[in-house]
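Take a moment with the sequence and the model shown here. The paragraphs that follow lead you through a few parts of the fold.

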Amino acid sequence: SRPGRGSRAKMAAPMSRGSRGPEPGAAPYGNFPNYSRFHPPEGRVSLLPQGLLRSLFPGATRPLLGLDVGCNSGELSVALYQHLLGLQDSNSSPELQGAGKELKLLCCDIDPELIQRAQQSSPFPASISFASLDIMDSRAREPFLSSYLERFGRSSFDIGFCMSVTMWIHLNHGDRGLLEFLTLLASLCTFLLVEPQPWKCYRAAARRLRRLGRDDFEHFRSLQINGDMAESITRILTQECAMELVCSFGSTSWDRSLLLFKS
């Protein structure tokens, strides 16, 4: 069946949010409720050079549009926004300084509870929009993304962010789903920043599910795309999606590369 079909229903209750707090292994879509506590945004944004947006879009006169897929509860989205616009050290309100005129960021996640938290805590509501969306559900995705882009008279995003999301798409939708997902992002974004999880993370995620006595990920044992995932994702994006690898910004302390591609 088409990747993504029926995934809405499966997402109804992915986590046990009991009094002891949620079991981290009980988030089969990577929708961990306290993700940024054990994987803080600074580890990623510190690898990105200051002035990156200006170097990628030197003559931009309109606001740039960004898409962040799998944004969780938004901490990393906000950190990326601040870093890309050089707002970390500013004391006065960035909204007043007109930062929002430079970048509009649309952030989506499959988990409505995480999105609600992101909306409640966002310091930049005029510039960063958070929405609950299963990116693999084309019936929901296409009208939603189109209507957002049409507000700006645009047909694509200037830059996309896919931070530690590829593994969850891959485990839940298989090789075909990963290809479909990367093809989609390549078609939607001029630049794409990807942080692929290495293969050892796949094994750890599968182990966590087994420890909880849950069914294994449907596709885990049949994945033909495996091993060096940064290399595999680079190959797919460059050979099958006609993107070029612009830069690799080193690795986080979690051994994850930050890879920037261009259409």
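A polar contact is a pair of N or O atoms within 3.5 Å; within protein, one of them must be able to donate a hydrogen and the other to accept it. Keep that in mind for Ser-164. The side chains of Ser-164 and Arg-256 are joined by such a contact, at 2.5 Å. The model is a predicted one.

Where does Ser-164 sit? It is found in the loop between β4 (157-163) and α8. Ser-164 has a relative accessible area of 7%, and buried means under 20%, so Ser-164 is buried. Its backbone deserves a look too. Most residues other than glycine have a negative phi. Ser-164 is not a glycine, yet its phi is positive, at about 55°.

Asn-72 also has a positive phi. The value is near 55°, in a residue other than glycine. Asn-72 is found in the loop between β1 (64-69) and α5 (75-84). Its relative accessibility is 8%, so Asn-72 counts as buried.

Where is the kink in α8 centred? It is centred on His-173, and it is a kink of about 130°. Helix α8 is also mostly covered. Of its 23 residues, 18 are buried.

Next come the neighbours of α8. Two packed helices are described by the angle between their axes and the distance between the axes. Start with helix α9, residues 199-211. Helices α8 and α9 pack at an angle of about 55°, and their axes are 11 Å apart. Angles under 35 degrees count as roughly parallel and 65 to 115 as roughly perpendicular, so α8 and α9 are oblique to each other. The crossing of α8 past α9 is right-handed.

Then turn to helix α10, residues 229-240. It packs with α8 at an angle of about 30°, and the axes are 9 Å apart. That angle is under 35 degrees, so α8 and α10 are roughly parallel to each other. Their crossing is right-handed.

The strands come next. Gly-160 is found in strand β4. It is buried, with a relative accessible area of 1%. What lies across from Gly-160 in space, 29 residues apart in sequence? The residue is Cys-189, with the two C-alpha atoms 5.7 Å apart. Thr-190 is found in strand β5, residues 189-195. Is Thr-190 buried, partly exposed or exposed? Its relative accessible area is 28%, so Thr-190 is partly exposed.

One last stop lies earlier in the chain. Leu-48 is placed in the loop between α3 (42-45) and α4 (52-56). Its relative accessible area is 4%, so Leu-48 is buried. Leu-48 and Leu-80 are 32 residues apart in sequence. In space they are 9.2 Å apart, C-alpha to C-alpha.

Notes. Residues are numbered from 1 along each chain as its sequence is written. This is a predicted model: local features need pLDDT of at least 70, side-chain atom pairs count only at pLDDT 80 or more; totals for chains, interfaces and linings use all residues. Side-chain values use heavy atoms; hydrogens and water are left out. The bend at a residue is the angle between axes fitted to the seven residues ending there and the seven starting there. Helices (H or I, at least four residues) and strands (E, at least two) are DSSP runs, numbered from the N terminus. Buried means under 20% relative accessible area, exposed over 50%, partly exposed in between (1.4 Å probe, protein chains only). Axes are lines fitted to C-alpha atoms, for helices over the stretch in contact, and angles run from 0 to 180 degrees between N-to-C directions. Angles under 35 degrees count as roughly parallel, over 145 as roughly antiparallel, 65 to 115 as roughly perpendicular and the rest as oblique. A crossing is left-handed if the near helix is turned anticlockwise from the far one by less than a right angle, and right-handed if clockwise.
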